[in-house]
Every structure is written in structure tokens, then in C-alpha cells.
Amino acid sequence: MSVDTEETHQRLKAAVHYTVGRLCQKIGEDHRRQFSRQAIAAIAETTFRQCDIFAKDLEAFARHAKRSTVSVDDVKLVARRSTALSIYIQNKSDELTQEHMSLKKKTTAKRKNIETEEESRE
């Protein structure tokens with residue numbers, strides 16, 4: 001790995017460790033429990049490795065489909081091993097699709113209103 005790549009890798013690892021620490025702190029407060037530093041480090045390392053596996057899988061799925069961009073379908077494929085994650089991603093995907101369609105309808109309606117106003121001025 002180059003120096004820049006290694007530095008980026010370490011910064012990402014540190015960010016994951018920090019985030020896991022904050023999540024464990026929040027969960028610990030909610031459930032009146034504490035997480036040891038070793039437990040937080042183990043969760044952070046596992047999370048980082050799993051994210052690396054997900055990233056490689058996503059790249060492979062996109063490459064297999066002869067695309068350079070990862071799609072929602074690729075993410076759904078990665079999540080298929082975890083029922084809860086798969087359901088969550090499917091629901092988010094549906095929600096985003098609904099929002100996109102709603103925005104599209106609003107934009108189309110605005111465009112029609114503008115065209116109607118322009119025609120009535122003529």
C-alpha cells in the first residue's frame with residue numbers, strides 16, 4: 001500500500017472505532033451497561049472488516065454486471081444474508097423510490113403550470 005492509501009486506511013479505521021465507541025456508550029447508557037475498551041475495539045475491528053468485505057462484494061457485483069457504478073440492486077444482494085438488514089434496505093429503497101416519484105410529480109406539475117401560464121400570456 002502507498003503511504004496515502006495506508007494513511008486513509010488508518011483514518012477510516014479510527015473513524016469506525018470512534019463511531020463504535022460512541023454507539024456503545026449510547027447503548028450502554030440506555031441499558032445501564034458498560035462496554036470494556038477491548039469489547040469496543042473488537043466490535044470496531046469486526047465492523048471494519050465486514051465493511052471491507054461488503055465493499056469488495058459490491059465492486060464485484062457491479063463489475064459482473066459490466067457497470068462501473070454500484071446500484072441499489074448490488075446493495076440488496078450484499079444484504080441478502082441478513083434478513084433484518086435485507087428488510088431494512090428494501091424498506092429504505094422503497095421509501096427513496098416514493099420520494100423520488102413524489103419529487104418527479106411535483107417538478108412535472110410545476111413545468112405544466114409554467115407552460116400553461118406562458119401560453120395564456122400569448
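Student: Among contacts in the protein chain between residues at least 6 apart in sequence, what share joins residues at least 24 apart?

Tutor: That share is 30%, where a contact means heavy atoms within 4.5 Å. The model is predicted, so local features need pLDDT of at least 70 and side-chain atom pairs count only at pLDDT 80 or more, while totals for chains, interfaces and linings use all residues. Residues are numbered from 1 along each chain as its sequence is written, and side-chain values use heavy atoms, with hydrogens and water left out.

Student: What makes up the order α-α-α-α in the protein chain?

Tutor: The protein chain has four helices and zero strands, and α-α-α-α is their order from the N terminus on. Helices are DSSP runs of H or I with at least four residues, strands are runs of E with at least two, and both are numbered from the N terminus.

Student: Why is the pair Lys26 and Asp30 called a salt bridge?

Tutor: The term requires a side-chain nitrogen of Lys or Arg within 4 Å of a carboxyl oxygen of Asp or Glu. Lys26 and Asp30 meet at 3.3 Å, N to O, so the pair falls within the 4 Å limit. Because the two residues are four apart in helix α1 (residues 3-31), about one helical turn separates them.

Student: Why does Lys26 count as partly exposed?

Tutor: Buried means under 20% relative accessible area, exposed means over 50%, and partly exposed lies in between, with a 1.4 Å probe and protein chains only. Lys26 has 48% relative accessibility, so Lys26 counts as partly exposed.

Student: How many salt bridges does the structure hold, and which residues are linked in a network?

Tutor: The structure holds seven salt bridges. Lys13, Glu45 and Arg49 are linked in a network of them.
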